[in-house]
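Please have a look at the sequence and the model as they come up, and then we will go through them together.

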Amino acid sequence: MTPTRRDFIRTSGLVGAGLALGGASACAGSDDAGDAMAEPAGGDAAASPAPKRLLILGGTGFIGPHMVEYALSRGHEVSTFTRGRSDTDLPPEVEQLIGDRNDDHSALEGRSWDVVLDNNTQDYRWVQTSTGLLADAAEHYIFVSSISVYATQGVGGGPEQVLMAPIVDEDFARIPRPDGWSDGDDAPYGLMKTLGEDIVHAAFPGRATIVRPGLIVGPGDPTDRFTYWPVRLDEGGEVLAPGNPEHATQVIDQRDLTEWIVRLAEQGVTGDFNATGPAERRSMARMLEEVGSVASNPYELTWVPESFLAQQGVRPWTDLPAWIPGDPTMFVDVSDAVNAGLTYRSLATTSRDTLAWDRTRPAEDRANRQFGMSRERERAALDAWHASQG
C-alpha cells in the first residue's frame, strides 16, 4: 500500500527510509553558492534510491531543468513532454517527447512510467486529458498545485493583523466551484488548481500527491517576484521597506522544491502538502536581513507604514514583492512537508545565487522587470514619507 501523508508522518522509521526530519536541521541547507543540489539527511538510503522511470510534464520552464538534473543525479530515467519550443538544453540522456497538452498526446500513447510529475499545468482540462491517458500507465501522479487553492478571502484581520501562527493548513477550505459553473468552463488560477487537484485524486485514488507551493524563487525565475529584493539591496542606498516589519512572509527556492518532489516520487509518498518555507516563522524584517547579508553595497532600510504606502498608490505584491500584509497565504502551515523531508537552503544562498543568475540576463530583461517598483517611484515615495514626518 502506498504511504499517505498522515501515515508517512507517523512512521517512526522516517529517517531510515531516507528522508530528513524537520526542525532546525531542515533549515540548515548548504551555504555554498556552488552547491546546486542539497542532499537530504538520511544516509545511504537517501543517496542511493531505487531507480524509477519518471515522466515530467514540462521540464524546460522555471522549475523543470533542475528537477530533471536532480532526478538524473539520483539514478532515475527521465522522459519529458513539452512542445519543444524552449531553448533550454537538457542533458542528452533525457528522452524528450514532443507534443501539446491542448491537442497532441500521441507521444505518450502506449507508454508507461513509474511516476508522473505534472509541473506545468495551466489548465485543469490538461489534467483531465493527461490523467485519463496515464491512469493505467503510471503507478503514482504528483501534481504541482498552489497555495492559491485556499479560500482565504475574508479570513483573518486584514493588513493590520500580524499573523503569529498559521491559519491555513492542508485541510483548510479550498476555492469552491461558483454557482452556474460547468465542467469545461474557463476558471481563474486558484479554481483552476483546485479543479486539477480533484481530477488527479479521482484518477489516481490513493496514488496521488498534491504539492502546493507558495512563492517559488531562486535562479532562473524570470518574473522578478523575489529577484527584486536581492537586486535592490545589492544596489545599496536608502531602500523602501514595506509596512510593519513583523508581517510574515514565505518563499521556497525552486531547487528545494524540485529536489523534494523527486524524493517524494522515490518514496511513493501520497497526500496533500503545503510547500513553502522556511520551517519556522519568517518576518519581512528577517527576510530582508537575510537577503541583505549578501549585498555588495551598504544599504539602509526605511520602513514606511502600509497606510501611507496605500495613499501613494504602492501596491502589495506587485510594487513590493513577497509582501501581502496580513494575508493568510503568506504564512501557511508547512509542518507536514517538513516532516516528510522538505529541506531548505538558507535564504542567503538563494539570494546570492539569484543575483549571480540575474547578472547573466539580457540587459533588456533587467531594465524591464515585471515586478517591483522603479527606482524613480521608490524615491518619490520615500521623499513623500520623509516630508510627511516634518
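Let me begin with the lining of the largest cavity, which is made up of Gln161, Leu163, His247, Ala248, Ile324, Gly326, Asp327 and Met330. Sorted by class, that lining has 4 nonpolar, 3 polar and 1 charged residues, and the cavity has a volume of about 30 Å³. The structure holds 1 cavity of 30 Å³ or more.

The pLDDT averages 89 over the chain, and 88% of the residues score at least 70. Residues 1-45, however, have a pLDDT below 50, although in the model this stretch has 100 contacts beyond near neighbours in sequence. Where pLDDT is low, the predicted coordinates should not be read in detail.

The largest pocket holds about 1200 Å³ of space, and of the 46 residues that line it, the closest to its centre are Asn119, Asn120, Thr121, Gln122 and Tyr189. At least two lining residues come from each of β2 (77-82), α5 (189-203) and β7 (215-217), and by class the lining of this largest pocket divides into 15 nonpolar, 23 polar and 8 charged residues. The second largest pocket has a volume of about 200 Å³, and its lining includes Phe62, Gly220, Trp357 and Arg361; that lining divides into 4 nonpolar, 3 polar and 2 charged residues.

Which residues have the most contacts inside the largest nonpolar core? They are Val211, Trp260 and Ile261, in a core of 39 residues. Several elements supply at least two residues each, including β1 (53-57), β5 (138-144) and β10 (271-275), while the largest share, 6 residues, comes from α7. Leaving aside residues up to four places away in sequence, Trp260 touches Val211, Phe273, Ala275, Ala337, Ala340, Gly341 and Leu342. Apart from this core lies another, of 26 residues, with Phe226, Tyr228, Met284 and Met287 among them.

Met284 and Met287 also bring us to helix α8 (residues 284-292), whose buried residues are Met284, Met287, Leu288, Glu290, Val291 and Gly292. What covers these buried residues of α8 includes α6 (228-235), β8 (237-242), β11 (299-304) and α11.

Helix α11 (residues 347-358) is also the place of Thr350. Is Thr350 buried or exposed? With a relative accessible area of 2%, Thr350 falls under the 20% limit and is therefore buried. Not counting residues up to four places away in sequence, Thr350 touches Val217, Gly218, Phe226, Asp253, Arg255 and Arg345.

Finally, a few points of backbone geometry. Most residues other than glycine have a negative phi, and most peptide bonds are trans. Against that background, a cis peptide bond joins Gly277 and Pro278, with omega about 15°, and Pro278 is found in the loop between β10 and α8. Asp224, in the loop between β7 and α6, has a positive phi near 65°, and with a relative accessible area of 0% this residue is buried. Trp317, which lies in the loop between α9 (306-311) and α10, likewise has a positive phi, of about 75°, but Trp317 is partly exposed, with a relative accessible area of 23%.

Technical notes:
Residues are numbered from 1 along each chain as its sequence is written. This is a predicted model: local features need pLDDT of at least 70, side-chain atom pairs count only at pLDDT 80 or more; totals for chains, interfaces and linings use all residues. Side-chain values use heavy atoms; hydrogens and water are left out. On a 1 Å grid over the protein atoms alone, a cavity is a set of points where a 1.4 Å probe fits but cannot get out, and a pocket is an open set with protein on both sides within 12 Å along at least five of seven lines; lining residues have an atom within 4 Å of a point. Grid points are joined across faces, edges and corners, and a volume is the space filled by probe spheres set on the points. Helices (H or I, at least four residues) and strands (E, at least two) are DSSP runs, numbered from the N terminus. Ala, Val, Leu, Ile, Met, Phe, Trp, Tyr, Cys and Pro count as nonpolar, Asp, Glu, Lys and Arg as charged, and the others, Gly among them, as polar. pLDDT is the predictor's confidence in each residue, from 0 to 100. Contact means heavy atoms within 4.5 Å. A nonpolar core is a set of buried Ala, Val, Leu, Ile, Met, Phe, Trp, Tyr and Cys residues joined through side-chain atoms within 4.5 Å. Buried means under 20% relative accessible area, exposed over 50%, partly exposed in between (1.4 Å probe, protein chains only).
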